[in-house]
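Colleague: I would like to learn how to read a model like this one. Can we go feature by feature?

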Amino acid sequence: MAENSTTTVRDGLGELLPRLRRFARTLAGSAHDADDLTQIALERALARAEQWRPGERLDSWVFGIVRNAWIDEQRSRQRGRALFTSEEDGLNVGQSPMEGQLIRMSVQTAMARLPEEQRLAVALVLVEGLPYKEAANIMAVPIGTLTSRLARGREALQVLLGDGEAMQR
Amino acid sequence: MKISEEMLMAYADGQLSGTDHDAVEAAMRTDPEVAAAVARQQRLRARLAEVFDPVLSEPVPDRLSALLHAEPSIRDDVIDLDAARSRRAVAPTRLRSWQWPAAMAASLVLGVLLSQAWLSRTEPALVMGADGALLARGELADGLDRQLASAPTTGSIVTVGLSFRSKSNGICRTFVLHRSADVAGLACRTNAGWSLPVVAAMAKAHGDGMQPAASDMPAAVLAEVDARIEGDPLDAQTERSARDSGWH
């Protein structure tokens, strides 16, 4: 049984890899940090594959592991001992005059300015398209808490991106 | 029906069904403000998708896809005895008699291979216990007994990264044993002494005797900490009193 579930998890993780990288990118911002985060999460998920229960959504399970790894990393950053370097992408900011690049920068900068919990809510629901119930489970909060974080994160992003409510009227 | 902001968002997120869903759509047809508010939510989704969806079609870096092809426990130079044991435990708990010899042989071979390769090559401070668990001996056991994560002794051969209480209510500690190649691992207190669920060779990072952060630990060790920790790591005072009472 354990052997089978490990194989199932490993195959499932392979299919989820592109989404895991996208989710990590919404949290970590730079591609390099995001892939470090993805790597840590994959290693943890494989080490604990037998904890995944068939019937439980594998994406939610592993997103939860990504979230926890990210929180651990935030804590260790706060202790002043960063595991990741963030120079690589930081140096490239604004180098390309292409429009696509500009849009990317402004959305990413706006995301980076959100409080962590709002950014998670936005990433899980608006980017990953998860139902509220799954997103709330991953964040280990009630649905009401999730939706209020989501509403605040949305509003803040819209203001930062120049699509605030005030501009509508 | 008055459409609340909350309902608008739930609609935009595809979370409404039945009458609520229909009510929002009816309001969108008659109230331009509702229609504009929904459109505004859709614009935000579209901008996020424009930025983050291209990640989905990027080639996946080799270091990530390689993880999913490798055998987890014998990968690199990580020795994860728990993983090895859990693979052996795949066999049903009540074995038919004819299955015994093969199962026993498999477990012996695995134990000998891991321990002898490791012990003969590098490390006299690690020994295989009677039940197949790896145990700390000598300098490592001394270091684990005495060193505090909160007050590291300079020049000691053992540094402790963090101490915590595990879900099974014992004390566990991450450590680095400073040798020619550093060895990092997790030690958990048992009746037999310090049992080592995971040990990994580590790239030499600092060389200045700096206390390693928990985040400097190899991922296999971190994963083991993650799976075992109950609550937060011990603070300085709790760690000291745990030591003074023999780590119980």
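Modeller: Start with burial. Buried means under 20% relative accessible area, exposed over 50%, and partly exposed in between, with a 1.4 Å probe and protein chains only. A salt bridge is a side-chain nitrogen of Lys or Arg within 4 Å of a carboxyl oxygen of Asp or Glu. Now the ground rules. This is a predicted model, where local features need pLDDT of at least 70, side-chain atom pairs count only at pLDDT 80 or more, and totals for chains, interfaces and linings use all residues. Residues are numbered from 1 along each chain as its sequence is written, chains are lettered from A and ligands numbered from 1 in the order in which they are written, and side-chain values use heavy atoms, with hydrogens and water left out.

Colleague: Are B:D13 and A:R154 buried or exposed?

Modeller: Both B:D13 and A:R154 are buried. Their side chains meet in a salt bridge, at 2.6 Å from N to O. This pair crosses between chains. B:D13 sits in the loop between α1 (5–12) and α2 (18–30) of chain B, and A:R154 in helix α8 (residues 143–160) of chain A. Helices (H or I, at least four residues) and strands (E, at least two) are DSSP runs, numbered from the N terminus.

Colleague: How many salt bridges does the structure hold over all chains?

Modeller: The count is 23. Take A:R48 with B:D226, where the closest N and O atoms are 2.7 Å apart. That pair also runs between chains, from the loop between α2 (31–47) and α3 (58–78) of chain A to helix α9 (residues 219–228) of chain B. A:R48 counts as buried because its relative accessible area is 11%. B:D226 is at 21%, so it counts as partly exposed.

Colleague: What forms a salt bridge with B:R43?

Modeller: The partner is A:D163, with the closest N and O atoms 2.8 Å apart. Again the pair crosses between chains: B:R43 lies in helix α3 (residues 32–52) of chain B, A:D163 in the segment after α8 of chain A. B:R43 has a relative accessible area of 36%, so it is partly exposed. A:D163 has 13%, so it is buried.

Colleague: Which residues are linked in a network of salt bridges?

Modeller: A:R19, A:R22, A:R57, A:D59, A:E128 and B:D53 are.

Colleague: Now the folds. What secondary structure does chain A have?

Modeller: Chain A has eight helices and zero strands. Of its 169 residues, 53% count as buried. Chain B has ten helices and seven strands. Of the 248 residues of chain B, 41% count as buried.

Colleague: How do I check a helix, say α2(A)?

Modeller: Compare spans. The expected span is 1.5 Å times one less than the number of residues. The 17 residues of α2(A) should span 24 Å, and its end C-alpha atoms are 24 Å apart, which agrees. Then check burial: 13 of those 17 residues are buried, so α2(A) is largely enclosed by the rest of the structure.

Colleague: And the nonpolar cores?

Modeller: In soluble globular proteins, nonpolar side chains tend to be buried together. A nonpolar core is a set of buried Ala, Val, Leu, Ile, Met, Phe, Trp, Tyr and Cys residues joined through side-chain atoms within 4.5 Å. Here the largest has 69 residues, and A:L13, A:L146 and B:L48 have the most contacts inside it. Helix α1 (residues 2–28) of chain A gives the most to this core, with nine residues. A second, separate core of 20 residues includes B:V183, B:A187, B:V199 and B:L234.

Colleague: What is B:L48 in contact with?

Modeller: Contact means heavy atoms within 4.5 Å. Leaving aside neighbours within four places in sequence, the partners of B:L48 include A:V107, A:M111, A:L126, A:L157 and B:D53.

Colleague: Where is the place of B:Q147?

Modeller: B:Q147 is in the loop between α8 (138–146) and β4 (158–165) of chain B. Its relative accessibility is 10%, so B:Q147 counts as buried. B:Q147 and B:T159 are twelve residues apart in sequence, and 7.0 Å apart in space, C-alpha to C-alpha. Beyond neighbours within four places in sequence, B:Q147 is in contact with residues including B:P152, B:V158, B:R173 and B:W247.
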